[in-house]
Amino acid sequence: MSSLRDMEQQIMGCWQVCDDLETVFIQIGDGEKEPTPDELMNTLMGMQQLYQWKFSQLFEAYENVLKLQRKGNKMTDDNWPLESDFTDVLWNTKIKEMTSEEKNRAKVREQSNGLTPCASCGVPTKETWCSFCLTKE
């Protein structure tokens, strides 16, 4: 079984791909001998397989950590909170309209910030025109 520490080490190992690619870039650009297309393809195919294995092992470690957490929390697949089916989310909720008090406070806040309506679209801005209208024009 994997622990979070083991998984962290595997994550850091996967970042190695960036260093490996930098080595390839340096060899192509500044290397003493530029690799042939065949050498380059073999290198990239080897890297691809290596990191396929690394990411597969990392995902396996992740699943093992989840299993340990489930076991420790006495969780089952039916009530594991990270695997929600989102049935508790109300998808038909709407944003309520601002009350007149909220609208007044927003106007006061805009005025205190020195904002005036854009001459074109009416969005509060510090200039005569908002940046969107300036780039559109």
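The structure is a predicted model, in which local features need pLDDT of at least 70, side-chain atom pairs count only at pLDDT 80 or more, and totals for chains, interfaces and linings use all residues. Residues are numbered from 1 along each chain as its sequence is written, and side-chain values use heavy atoms, with hydrogens and water left out.

**View 1. The protein chain and its surface.** Five helices and two strands form the secondary structure of the protein chain; helices (H or I, at least four residues) and strands (E, at least two) are DSSP runs, numbered from the N terminus. Along the sequence, their pattern is α-α-α-α-β-β-α. The accessible surface of the protein chain is about 11800 Å², and carbon and sulfur atoms hold 56% of this area.

**View 2. The largest nonpolar core.** Met7, Cys14, Leu58, Ala61 and Val65 are the five residues of this core, a set of buried Ala, Val, Leu, Ile, Met, Phe, Trp, Tyr and Cys residues joined through side-chain atoms within 4.5 Å. Buried means under 20% relative accessible area, exposed over 50%, and partly exposed in between (1.4 Å probe, protein chains only). Helix α3 gives the largest share of the core, three residues.

**View 3. The surroundings of Leu58.** Not counting residues up to four places away in sequence, Leu58 touches Met7, Gln10, Ile11 and Cys14, where contact means heavy atoms within 4.5 Å.

**View 4. Ser131 in helix α5.** Ser131 lies in helix α5, which spans residues 131-136. Ser131 counts as exposed because its relative accessibility is 57%. Between Ser131 and Cys118, 13 residues apart in sequence, the C-alpha to C-alpha distance is 9.3 Å.

Definitions and conventions: Accessible areas come from the Shrake-Rupley method with a 1.4 Å probe; for residues, only the protein chains shown count as cover.
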